[in-house]
Every structure is written in structure tokens, then in C-alpha cells.
Amino acid sequence: MSAIEDPHQAVGAYVLHALPPEEAAAFSHHLAGCDACTREVADLEATVACLADAEAVTPPDALRQRVLERIATTAQEHLLRREPSRHEGPRLDLEV
């Protein structure tokens, strides 16, 4: 089902200006009469604005060391071993 068949599916693409011109025009027309889509467009536009304002920050060197220490002391889950079904090929045991 395309955005033309169900304009409600076009909200995200509309907010990101990713619709072809004819679909954008059709959605704009739909938007004029659909309160649900109007609210969703406003919410998504606010989210997009927040994401656009975000910036990457290099974490302090000490943080990397703390994360690595925590990883080294955190118990890891072990995968359960099972026998292959007759529909599967042989399994390689790669557990270390």
C-alpha cells in the first residue's frame, strides 16, 4: 500500500521532505483535514529539530577505561547448546 493509497503512511516521509512532489502535494491536501496527521507531523517535526540540535561529544578517556573495567567484571550469558534438527546441517561449536 503506497502513501497515495493511505496518506497516513506518508507522515514520516513528509516531515523529512522525502516524498516526490505529487505525493507531497497530495499529503498537504490530506493534512488540511486530518487532525491526527497534523498532530503527528508536529510531534515528528519537534523530534527532528531535537535530533538536528544534537552534537557528538567525545567522552573523557576515563569513561572508556571504566566501561572496559565493567565489561571485564560482568558475567556473560552463555548460549544454550542444542542438537541440530535433521533439517539443519552440522553445527560448528564456536564457544570460547
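Biologist: What is the average pLDDT of the chain, and what share of the residues score at least 70?

Modeller: The chain averages 84, and 78% of the residues score at least 70. Where pLDDT is low, the predicted coordinates should not be read in detail.

Biologist: How do you know what the secondary structure of the chain comes to?

Modeller: Helices are counted as DSSP runs of at least four residues and strands as runs of at least two. The chain has four helices and zero strands, and along the sequence the pattern reads α-α-α-α.

Biologist: Why is the pair of Tyr 14 and Phe 27 called tilted?

Modeller: A pair of aromatic rings is described by the distance of the centres and the angle of the planes. The centres of Tyr 14 and Phe 27 are 4.6 Å apart, and the limit for pairing is 6.5 Å. Their planes make an angle of 45 degrees; under 30 degrees would be stacked and over 60 edge-to-face, so the pair is classed as tilted. A search of the whole structure finds one aromatic pair.

Biologist: What does the pair tie together?

Modeller: Tyr 14 belongs to helix α1 (residues 11–15) and Phe 27 to helix α2 (residues 21–31), so the pair ties together parts 13 residues apart in sequence.

Biologist: What makes Phe 27 count as buried?

Modeller: Its relative accessibility is 2%, and the cut-off for buried is under 20%; Phe 27 therefore counts as buried. Beyond its neighbours within four places in sequence, Phe 27 is in contact with Pro 7, Ala 10, Val 11, Tyr 14, Leu 19, Cys 37 and Val 41.

Biologist: Which residues make up the largest nonpolar core?

Modeller: The core has nine residues: Ala 10, Val 11, Val 15, Leu 19, Phe 27, Leu 31, Cys 34, Cys 37 and Val 41. Two or more residues come from each of α1, α2 and α3 (35–53). Across the chain, buried residues make up 12% of the 96 residues.

Biologist: Which residues does UniProt list for the "Putative zinc-finger" domain?

Modeller: The unreviewed UniProt entry lists residues 8–37. In the model, the end C-alpha atoms of residues 8–37 lie 7 Å apart, and the span is 63% helix and 0% strand.

Conventions
Residues are numbered from 1 along each chain as its sequence is written. This is a predicted model: local features need pLDDT of at least 70, side-chain atom pairs count only at pLDDT 80 or more; totals for chains, interfaces and linings use all residues. Side-chain values use heavy atoms; hydrogens and water are left out. Rings of Phe, Tyr and Trp (its six-membered ring) pair if their centres lie within 6.5 Å; planes under 30 degrees apart count as stacked, over 60 as edge-to-face and the rest as tilted. Buried means under 20% relative accessible area, exposed over 50%, partly exposed in between (1.4 Å probe, protein chains only). UniProt positions are given in the numbering used here, feature names are shortened, and annotations may be inferred rather than shown by experiment. pLDDT is the predictor's confidence in each residue, from 0 to 100. A nonpolar core is a set of buried Ala, Val, Leu, Ile, Met, Phe, Trp, Tyr and Cys residues joined through side-chain atoms within 4.5 Å. Contact means heavy atoms within 4.5 Å.
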